[in-house]
Amino acid sequence: MIKKPREKSVRLLTLEAAMRRVPPEHPQFKFIEKEHARLHYGFIGEKALDYFLTFLPNKNSQLLHGLRIEDPLNRFFQMDTLLITPEYCLILDSKYISGTLEFDETTKQLIRHRGDEKEKFGDPLSQIERQKYQLSLWLDKHNFPPLPVASQIVLTHSSATLTKATASLMRKVTFHTNLPNKLQSIDDIKRPPLLDKSNFRKLTKLLVKKHTPDEFSLVRFYGIHYHELRKGVVCPGCAYLPMLQKHGNWICRNCGMYSKTAHLENLMDYKLLVGNIITNRIIRDFLLLPSPSVANYLLNSMNLPTQGTNKGRKYLLDQFDI
């Protein structure tokens with residue numbers, strides 16, 4: 001059962017908005033593009049696990065995707081997928097990397113070989129060991145029994161191959177197509193149940209409650225400010241900007257697409273890139289609206305909470321989502 005579904009991180013959503021709004025000629029665009037690609041393909045790799053997770057051997061399993069919690073020493077850690085049963089926990093870490101891969105257990109590096117070239121990545125084996133340790137600390141802090149914490153690195157790219165794969169390594173790393181077999185072998189280890197039904201429910205609910213999404217500011221990270229962003233409504237069909245607003249419809253001059261709600265996704269761009277408060281004047285500028293009355297109509301149609309009155313009215317986007 002999925003207790004916490006898989007969702008895009010705030011960082012990935014913000015970078016997606018930045019790809020639409022930061023001009024390609026901006027000096028920071030190439031760095032945004034690179035980080036966006038890394039997170040985008042990482043999310044694809046995580047989703048590649050989902051089908052194979054339908055073969056869970058333990059019917060009492062609960063799945064929590066993208067869980068980010070804080071250990072007792074105020075250090076946050078995030079797990080791609082956490083599987084919980086009354087007998088044990090299992091952390092799964094997805095790696096969506098193509099090519100010939102070598103896990104060097106001596107130097108603690110992941111290396112991709114491309115002909116005579118080598119590309120070094122961080123060490124996922126050390127990372128997942130830290131996560132296991134931090135999860136154990138978290139369980140102890142919240143007075144849960146010392147559940148054994150297992151782990152598995154899962155290679156999710158279809159063209160990934162392994163070199164120098166020792167027996168020791170293959171106990172820690174597998175391909176996503178072999179995940180059902182790995183899950184079965186881990187579950188076959190005889191362990192006594194340490195959680196009764198009540199504590200099992202309590203644990204999963206508390207983990208979801210303690211989840212803390214990562215905060216990410218484009219301004220702080222890349223130094224990009226409001227006046228540098230591209231303005232207007234982006235076409236959801238072809239990404240052309242700006243769409244025209246006419247008789248309650250948004251019309252794309254490039255592909256001809258009509259939409260009544262295109263402004264909603266663009267308001268999410270504003271929330272992700274700029275902030276949670278907007279005014280009539282600012283939405284006119286950001287979406288290139290023709291008049292204060294059109295801006296007022298759109299803002300009121302969304303039933304957003306407000307602060308202030310008349311020209312000083314501010315619209316709050318804290319709970320706004322699409």
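Which order do the strands of the open sheet of six strands have? The order is β1-β2-β3-β4-β8-β10, and the pairing is mixed. The points below start from the overall chain, return to this sheet, and then take up a helix pair and a second sheet.

1. Overall picture. This is a predicted model. The protein chain contains ten helices and 16 strands. Its C-alpha trace spans about 70 × 55 × 35 Å along the principal axes. Of the 322 residues in the protein chain, 46% are buried. Among contacts between residues at least 6 apart in sequence, 60% join residues at least 24 apart.

2. The six-stranded sheet. In the order β1-β2-β3-β4-β8-β10, the edge strands are β1 (2–4) and β10, each of which pairs on one side only. From one strand to the next the twist averages 35°. Helix α5 (residues 179–188) packs on this sheet and touches β4, β8 and β10. The direction of α5 makes about 170° with that of β8.

3. Strand β8 and its two faces. Strand β8 covers residues 149–155, and seven of its seven residues are buried. In a regular strand the side chains alternate between the two faces of the sheet. In β8, Val 149, Ser 151, Ile 153 and Leu 155 point one way, while Ala 150, Gln 152 and Val 154 point the other way. Both sets are buried; the polar residues Ser 151 and Gln 152 are among them.

4. The neighbours of β8. Strand β4 (residues 89–95) runs parallel to β8, and seven bridges join the two.

5. Helices α1 and α2. Two packed helices are described by the angle between their axes and the distance between the axes. For α1 (residues 10–21) and α2 (residues 29–47), the axes come within 9 Å and cross at roughly 135°. The crossing in which α1 passes α2 is left-handed.

6. The contact between these helices. Which residues of α1 meet α2? They are Arg 11, Leu 12, Leu 15, Glu 16, Ala 18 and Met 19. Their counterparts in α2 are Phe 29, Ile 32, Glu 33, Glu 35, His 36, Leu 39, His 40 and Phe 43. By type, the residues of this contact divide into eight nonpolar, two polar and four charged.

7. His 40. This residue lies in helix α2 and is among those that meet α1. Is His 40 buried or partly exposed? His 40 counts as partly exposed because its relative accessibility is 29%, and buried means under 20%. The C-alpha atoms of His 40 and Leu 287 are separated by 26 Å, and the two residues lie 247 residues apart along the chain.

8. The three-stranded sheet. A further open sheet has the order β14-β16-β15, with antiparallel pairing. Its edge strands are β14 (277–278) and β15 (306–307), each pairing on one side only. Two bridges join β14 to β16 (residues 314–316). The bridge partner of Ile 278 is Tyr 315 in β16.

Key
Residues numbered from 1 in each chain as written. Predicted model: local features only at pLDDT ≥ 70, side-chain atom pairs only at ≥ 80, totals over all residues. Heavy atoms only, no water. Axes fitted to C-alpha atoms, helices over the stretch in contact; angles between N-to-C directions. Helix = DSSP H or I, 4+ residues; strand = E, 2+ residues; numbered from the N terminus. Left-handed = near helix turned anticlockwise from the far one by under 90°. Contact = heavy atoms within 4.5 Å. Buried < 20%, exposed > 50% of the residue type's maximum accessible area, 1.4 Å probe, protein only. Pairing = 2+ DSSP bridges.
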